[in-house]
Amino acid sequence: MNSELYADVIEAGGLGAASERAAAELGISLVVFSGPEDLADAIRIDTIVPGPRLPLVVYPRADSRGFHVIGRSHDVDIVTGEAPDLREVVEAGAAWAAGTPVQEMRRALPFLLFDPLAEAHEQGPAVAVEARWDQLKELAADTPAFPEFGRLVEVAYAEPRLRGLFPFTSHWTVAFSSCTGRPYRDEIAIAPQHGGRPYIVLRHSNTGLIGEASTVNDAVALALQHLPDSVGPAVAGFTGRPGRSMP
């Protein structure tokens with residue numbers, strides 16, 4: 001840990017001790033223990049209520065003063081952020097640990113960044129999948145100049161196997177993931193084309209051409225033919241295989 005950037009933390013005896021001292025000054029109770037081994041000088045702030053939230057991970061930047069935070073739930077990054085003031089991080093840790101709803105944390109702690117589907121992810125993968133489909137439907141409704149995209153969303157959603165997967169987009173291609181967290185595992189993808197050109201069915205969001213179809217119904221049918229039988233409804237978190245991210 002850089003002594004010029006973190007003299008106060010070093011003087012306190014490390015990030016854990018400094019966090020506990022800041023919490024005491026704020027009148028906040030924290031349960032702090034060592035962080036993941038792959039993050040130098042990291043700590044974790046334990047949760048104090050039952051639920052899917054994992055301990056909040058906190059670790060210092062190396063190149064400038066700042067404390068990164070990562071809060072995961074159902075194996076998905078729900079909150080992230082960075083603040084130079086350790087007291088702000090302690091406040092975030094206490095709110096996260098107590099199960100404070102994301103909307104309240106967003107208002108009280110503006111330095112935190114939240115997944116757009118944070119509330120849905122915390123309710124489990126099925127809720128997150130449905131919320132993401134709702135986002136795609138809204139995007140389609142807001143893009144009348146590209147009706148092929150809207151038709152693809154409509155027809156794909158009508159198919160139970162695709163409806164159970166987590167959809168994400170890359171340059172308007174709709175890919176279907178078997179997990180809800182990044183990196184996504186895209187099991188099949190369909191690219192709509194402007195002007196009545198064929199739909200393109202892909203193994204992944206931008207690679208692995210399977211074939212073309214003149215109608216969206218045929219494209220969805222082709223995608224289903226090549227969707228592995230082992231792929232079921234999307235599970236929480238991520239599978240570890242590199243994937244693609246939504247825009």
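Trainee: Is Glu130 buried, exposed or partly exposed?
Mentor: Partly exposed, because its relative accessible area is 31%. Bear in mind that this is a predicted model.

Trainee: Okay. Which helix is Glu130 found in?
Mentor: Glu130 belongs to helix α6, residues 125–141.

Trainee: And which residues form the negative surface patch?
Mentor: There are Glu130, Asp134, Glu138 and Asp142 in that patch. Patch members need over 30% relative accessible area, and Glu130 has 31%.

Trainee: What does β4 pair with over 7 bridges?
Mentor: That's strand β5, residues 76–83, and the pairing is antiparallel. As an example, Ile70 has Thr80 in β5 as its bridge partner.

Trainee: What's going on in the turn of that hairpin?
Mentor: The β4 and β5 hairpin has 2 residues between the strands, and His74 takes a positive phi near 50 degrees.

Trainee: How many bridges join β3 to β4?
Mentor: 4, with β3 (residues 56–60) running antiparallel to β4. Tyr59 has His68 in β4 as its bridge partner. These two strands also make a hairpin, with 6 residues between them.

Trainee: Let's jump to β8. How many of its residues are buried?
Mentor: 5 of the 5, across residues 173–177, so β8 is largely enclosed by the rest of the structure.

Trainee: Which residues sit on which side of β8?
Mentor: Thr173, Ala175 and Ser177 are on one side, with Val174 and Phe176 on the other. They are all buried, so both faces of the strand are covered.

Trainee: Which residue in the turn between β7 and β8 has a positive phi?
Mentor: His171, at about 55 degrees. The β7 and β8 hairpin has 2 residues between its strands.

Trainee: Last one: which strand pairs with β8 over 4 bridges?
Mentor: Strand β9, residues 186–191, again in the antiparallel sense. There, Ser177 of β8 has Asp186 in β9 as its bridge partner.

How values were computed:
Residues numbered from 1 in each chain as written. Predicted model: local features only at pLDDT ≥ 70, side-chain atom pairs only at ≥ 80, totals over all residues. Heavy atoms only, no water. Patch = residues over 30% accessible without salt bridge, like charges linked within 9 Å, V, L, I, M, F, W, Y side chains within 5 Å. Areas by Shrake-Rupley, 256 points an atom, 1.4 Å probe, with all protein chains shown as cover. Salt bridge = Lys/Arg side-chain N within 4 Å of Asp/Glu carboxyl O. Lys, Arg positive; Asp, Glu negative; His and termini not counted. Charge placed at Lys NZ, Arg CZ, Asp CG, Glu CD. Buried < 20%, exposed > 50% of the residue type's maximum accessible area, 1.4 Å probe, protein only. Pairing = 2+ DSSP bridges.
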